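Here are a few notes to read with the model open beside you. Take them one at a time and find each part on screen as you go.

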Amino acid sequence: MTDKQLMQKAIDLSIENVKQGGGPFGAVIAKEGKVISTGVNRVTQNNDPTSHAEVDAIRKAARKLKTFDLSGCEIYASCEPCPMCLSAIYWAHLDKIYYANTKTDAKNIGFDDSFIYDEIQLKPTERKITMQRLLPEEAMRAFEEWEEKIDKVEY
């Protein structure tokens, strides 16, 4: 499939998802022009704030390909990814992001992520949600054990 066909598939998924009671977002992950997985926004249906189209598509692609590293794949999203989805895309090592609607377009219909972008820029002590550090010395043990582990699978 071409880039335009893959994007149209993501857009079609987003439109169909609205008709089925979901959010107006769809995503397709492809490798060499072949669809690996698709996803739609099911936040309210699943009562899961992480059930975004891109995250859904990433989870399905990782299961299908039996790897957490989706290098060599590209994602087609009906809208510019939110901060969570963008982070997931980076963690999944996708090669390229194609998107149709912008984050401003999403903001204009009530999906405003700008406060998250603003919060990320702040020091933890300045964020709206109170953050308090507890037991850092105890927690460091897991990091030390990870660092010393010989047979770890890095990601």
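1. At what angle do helix H3 and helix H4 pack, and how far apart are their axes? In this predicted model, H3 (residues 53–65) and H4 (residues 83–92) pack at an angle of about 25°, and their axes are 8 Å apart. Angles under 35 degrees count as roughly parallel, so H3 and H4 are roughly parallel to each other. Their crossing is left-handed.

2. Now look at who does the touching. On the H3 side, the contact is made by Glu54, Val55 and Ile58. H4 brings Met84, Cys85, Ala88, Ile89 and Ala92. Sorted by class, the residues of this contact come out as 7 nonpolar, 1 charged and no polar.

3. Next, the largest pocket. Its volume is about 310 Å³, and 18 residues line it. To find its centre, look for Phe25, Asn41, His52, Phe111 and Asp113, the lining residues that lie nearest to it.

4. H3 turns up here again: along with helix H2 (43–46) and helix H5 (103–108), H3 gives two or more residues to the lining of the largest pocket.

5. Finally, zoom out to the whole chain. Walk along the sequence and the pattern reads α-β-β-α-α-β-α-β-α-α-α. Taken along the principal axes, the C-alpha atoms fill a box of roughly 50 × 40 × 25 Å.

Conventions
Residues are numbered from 1 along each chain as its sequence is written. This is a predicted model: local features need pLDDT of at least 70, side-chain atom pairs count only at pLDDT 80 or more; totals for chains, interfaces and linings use all residues. Side-chain values use heavy atoms; hydrogens and water are left out. Axes are lines fitted to C-alpha atoms, for helices over the stretch in contact, and angles run from 0 to 180 degrees between N-to-C directions. Helices (H or I, at least four residues) and strands (E, at least two) are DSSP runs, numbered from the N terminus. Angles under 35 degrees count as roughly parallel, over 145 as roughly antiparallel, 65 to 115 as roughly perpendicular and the rest as oblique. A crossing is left-handed if the near helix is turned anticlockwise from the far one by less than a right angle, and right-handed if clockwise. Contact means heavy atoms within 4.5 Å. Ala, Val, Leu, Ile, Met, Phe, Trp, Tyr, Cys and Pro count as nonpolar, Asp, Glu, Lys and Arg as charged, and the others, Gly among them, as polar. On a 1 Å grid over the protein atoms alone, a cavity is a set of points where a 1.4 Å probe fits but cannot get out, and a pocket is an open set with protein on both sides within 12 Å along at least five of seven lines; lining residues have an atom within 4 Å of a point. Grid points are joined across faces, edges and corners, and a volume is the space filled by probe spheres set on the points.
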